[in-house]
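Me: I am new to this structure. Could you walk me through parts of it by question and answer?

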Amino acid sequence: MTAETVQEKEVGRARARKEDARLVTGQTNWTDNIQLPGLVHIAFLRSPLAHARITRADTSRAREATGVIAVFTGADLAAEQGSLPCAWPVTPDIVIPQHPPMAVDTVRYAGEIVAAVVARDRYAAADALEAIDVDYEELPPVLDMEEALAEGSPKVHEQGNKSFVWPFSNGDIEAAFRDAPVVLERTYRQQRLIPSAMEPRAVVCAPVGDEFTLWSATQIPHVLRVMLALVTGIPEHKLRVIAPDVGGGFGSKLQVTAEEVLALLIARRLGRPVKWTESRSEGNLAVHHGRDQIQRIRVAAGADGRLRGLDVDLLADMGAYLMLVTPGVPLLGAFMYNAIYKMDAYSFRCTGVFTTKTPTDAYRGAGRPEATFAIERVMDDLAAELGMDPLALRERNWIKHTEFPYTTIAGLTYDSGNYEAATAAARELFHYDELRKEAAERAAAGDPVRLGIGISTFTEMCGLAPSRILGQLAYGAGGWEHASIRMLPTGKVEAVTGSSAHGQGHETAWSQIVADELGVPFEDVRVLHGDTFVAPKGMDTYGSRSLTVGGIAVVAACGKVREKARVIAAGLLEVSPDDLEWSSGRWQVRGDPDQGKTIGEIALATFAAHNLPEGVEPSLDSDATYDPDNFSFPHGTHLCAAEVDTETGAVRLRSYVAVDDVGQVVNPLIVEGQVHGGIAQGIAQALFEEAAYDSSGTLVTATLADYLVPSAADLPAFVTSRTATPSTTNPLGVKGVGEAGTIASTPAVVNAIVDALRPLGVPDVPMPCTPERVWRAIREGAAR
């Protein structure tokens with residue numbers, strides 16, 4: 001074996017991301033950068049009202065404006081625009097209203113599209129919107145979920161304001177609560193959030209004959225292609241969808257949007273390429289929102305703190321329509337309210353409610369942050385009720401590492417984990433006992449700046465994938481992922497993946513995986529994705545599924561390449577394939593390692609095809625489709641110390657420790673980035689962000705001056721560490737990481753604030769915990 005054939009393992013190395021050279025310097029192809037001959041620009045007129053009938057739409061002045069090429073209303077496109085799809089009909093009797101991409105006769109949220117202008121440049125198109133006269137007959141808005149379900153409420157749709165009721169239970173919930181020594185009832189509010197991806201949405205569509213290429217800042221090029229074909233009737237094989245480099249998504253680009261459908265229809269009408277790029281305020285108004293739930297929680301426990309039962313009654317705001325996976329989002333949380341804890345019975349009920357607000361859908365974590373928040377908040381409340389240390393209460397109830405694999409009360413089988421190890425590591429890094437002592441001393445001294453300790457011991461189900469489970473939940477597609485490995489004659493490798501990155505670092509991580517699987521240098525691997533003609537098969541990127549599903553498909557495809565290479569190498573070496581063993585990118589004769597062929601040598605010999613074994617085709621290229629049997633279950637312990645000024649309500653995060661277990665780590669730098677970003681988004685929900693509406697249904701946080709997205713200056717330094725219990729359900733032992741920080745951090749922060757204020761009679765502070773809300777909670781606590 002030569003020195004050149006020996007290389008360090010790539011998986012586990014902290015490689016700088018190879019894609020960043022073009023991304024951070026702007027030398028890339030964002031959708032808005034695309035310029036085509038004859039390109040014209042679309043601007044959309046959006047309803048200023050939350051609920052109204054359209055009685056007249058006069059576009060005559062706009063059609064005459066300088067630079068305007070065409071103007072369309074909903075009536076113009078009614079016969080061809082179809083209805084935007086909902087792919088998750090969670091119950092047989094679910095109400096899924098028609099959702100035209102452009103409103104025809106009724107608008108149901110402020111921001112719904114009512115007209116489109118096409119002009120020679122984006123400024124002319126935007127200016128011409130002001131020349132469109134639309135008359136509305138205003139209808140009463142429906143903004144409160146509980147009021148929406150009340151008899152006599154104004155209706156968002158003729159079918160009513162209830163979309164579905166989805167129940168789930170396991171165990172005898174009545175017995176669990178009967179005669180329980182401790183029963184707590186709590187109501188928590190998940191405020192509405194705006195995803196705020198770095199890159200606003202953009203679409204370019206170019207027709208050539210009866211074929212169309214659509215570029216979109218999307219997370220789901222493959223799903224989008226299928227859905228566009230179904231909605232518009234354009235044959236799927238005549239649609240090409242390309243997701244070029246995409247600047248973030250967080251679920252907001254896991255969507256089939258009105259703008260994508262309309263761009264395709266308008267390009268077909270005009271026979272020329274069109275472009276639309278949203279403004280930030282337009283995006284805040286029209287990108288689907290996240291969260292927005294009312295969580296009614298009941299927990300039963302013994303006097304020693306052992307959990308007996310958990311009952312969850314959830315109201316979930318769908319907004320005005322059901323988008324691609326809207327109804328399924330809260331149901332993903334249904335399997336996570338029990339979290340890492342053992343209990344005898346569990347009951348869950350979710351009611352989906354229509355309101356005249358922007359539709360909701362997946363936002364980073366999608367149902368699981370909401371569930372984790374509720375259970376971790378109620379565990380702190382239960383500890384306070386029992387006079388126990390909240391960490392001790394959690395340890396009394398969590399699944400021990402010796403009990404894995406463990407089937408939870410929600411029916412999921414957790415394959416691996418070690419909550420004791422993660423918590424012990426976090427406790428030591430955080431100096432938990434010292435901070436508890438300081439907090440008690442401050443409270444005893446009447447210090448106006450109180451110190452609170454917040455805890456979040458979480459797990460999540462990710463790698464949204466097992467197709468059979470998704471089928472049982474009435475999801476409209478599978479969860480598999482596809483990969484192809486192309487061996488080039490010079491030994492270089494093209495890895496084609498159906499997972500379409502939007503900032504996660506797939507090109508780097510996949511290159512590391514391929515380098516190890518095929519024994520080639522990291523630099524010799526190129527990863528291709530995001531184009532349905534280049535990567536024709538895929539289920540795309542969401543739900544922390546890229547590595548645990550897409551990455552394992554890459555591993556499987558590499559395995560097929562190796563096996564093909566084995567047969568060819570045996571022919572070249574004139575031995576039986578059974579006599580060969582794989583070592584460091586090389587098939588060598590067992591017992592005689594000097595006799596062997598590297599994968600590069602085999603690739604060149606295959607290309608030449610001069611001396612291949614009989615019946616062997618001259619190709620090493622291989623495809624694989626991977627559909628896992630189970631989710632993956634990362635977990636961790638996050639601890640937060642918050643100082644709360646009782647005179648002003650100001651909150652300062654003094655320290656934050658996160659110890660996560662994501663199984664085998666492919667690239668530590670990428671993991672650190674994902675954890676840091678996730679924690680920042682979770683803290684943002686706890687302290688800063690809220691999509692707020694006035695009484696008329698107008699979004700009053702439509703700009704970043706009103707919707708507070710925190711910067712680095714608003715956040716503490718994070719102390720991060722990891723434990724590792726590899727997953728037993730995939731060959732790499734990996735688990736998801738993209739959503740972990742977001743799921744864990746929100747309850748850790750709010751628990752810290754409430755812990756600081758509990759001695760002052762404050763049981764809860766509604767999110768976001770702004771200084772005003774904290775101050776009011778303190779005043780109300782004093783009054784109680």
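Me: Which residue just after H11 takes a positive phi?
Reply: This is a predicted model, where local features need pLDDT of at least 70, side-chain atom pairs count only at pLDDT 80 or more, and totals for chains, interfaces and linings use all residues. Residues are numbered from 1 along each chain as its sequence is written, and side-chain values use heavy atoms, with hydrogens and water left out. Helices (H or I, at least four residues) and strands (E, at least two) are DSSP runs, numbered from the N terminus. The phi is about 70 degrees, and the residue just after H11 that takes it is Gly387.

Me: How many of the residues of H11 are buried?
Reply: Helix H11 covers residues 368-386 and has 19 residues. Buried means under 20% relative accessible area, exposed over 50%, partly exposed in between (1.4 Å probe, protein chains only). H11 is mostly covered, and the buried count out of its 19 residues is 16.

Me: Why is H20 described as largely enclosed by the rest of the structure?
Reply: The reason is a count of buried residues in H20. H20 is largely enclosed because, of its 18 residues, the number buried is 17.

Me: Which residues of H14 are buried, and what arc do they cover?
Reply: Helix H14 runs over residues 432-445, and its end C-alpha atoms are 20 Å apart, which agrees with the span its 14 residues should have. The buried ones are Tyr432, Leu435, Arg436, Ala439 and Arg442. They sit on the same side of H14, because around the axis (taking directions from the axis to the C-beta atoms) they cover an arc of only 130 degrees.

Me: Which residues are exposed on the other side of H14?
Reply: An α-helix has 3.6 residues a turn, so residues three or four places apart point the same way. On the other side of H14, the exposed residues are Lys437, Ala444 and Ala445.

Me: What covers the buried residues of H14?
Reply: Contact means heavy atoms within 4.5 Å. The cover includes strands E18 (449-459), E26 (635-645) and E27 (651-661). It also includes helices H12 (390-397), H13 (419-430) and H20 (740-757).

Me: Is Pro221 buried or exposed?
Reply: Pro221 is in helix H7, residues 221-232. Leaving aside neighbours within four places in sequence, Pro221 is in contact with Val241, Ala243, Ser500, Gly530, Thr532 and Asp540. Its relative accessible area is 0%, so Pro221 is buried.

Me: Which residues is Gly38 in contact with, leaving aside its neighbours within four places in sequence?
Reply: Gly38 is in the loop between helix H1 (20-23) and strand E1 (40-46). Gly38 is partly exposed, with a relative accessible area of 38%. Its contacts are Arg272 and Pro273.

Me: What volume does the largest cavity have?
Reply: On a 1 Å grid over the protein atoms alone, a cavity is a set of points where a 1.4 Å probe fits but cannot get out; lining residues have an atom within 4 Å of a point. Grid points are joined across faces, edges and corners, and a volume is the space filled by probe spheres set on the points. The structure holds six cavities of 30 Å³ or more. The largest cavity has a volume of about 180 Å³.

Technical notes: The expected span of a helix is 1.5 Å times one less than its number of residues. On a 1 Å grid over the protein atoms alone, a cavity is a set of points where a 1.4 Å probe fits but cannot get out, and a pocket is an open set with protein on both sides within 12 Å along at least five of seven lines; lining residues have an atom within 4 Å of a point.
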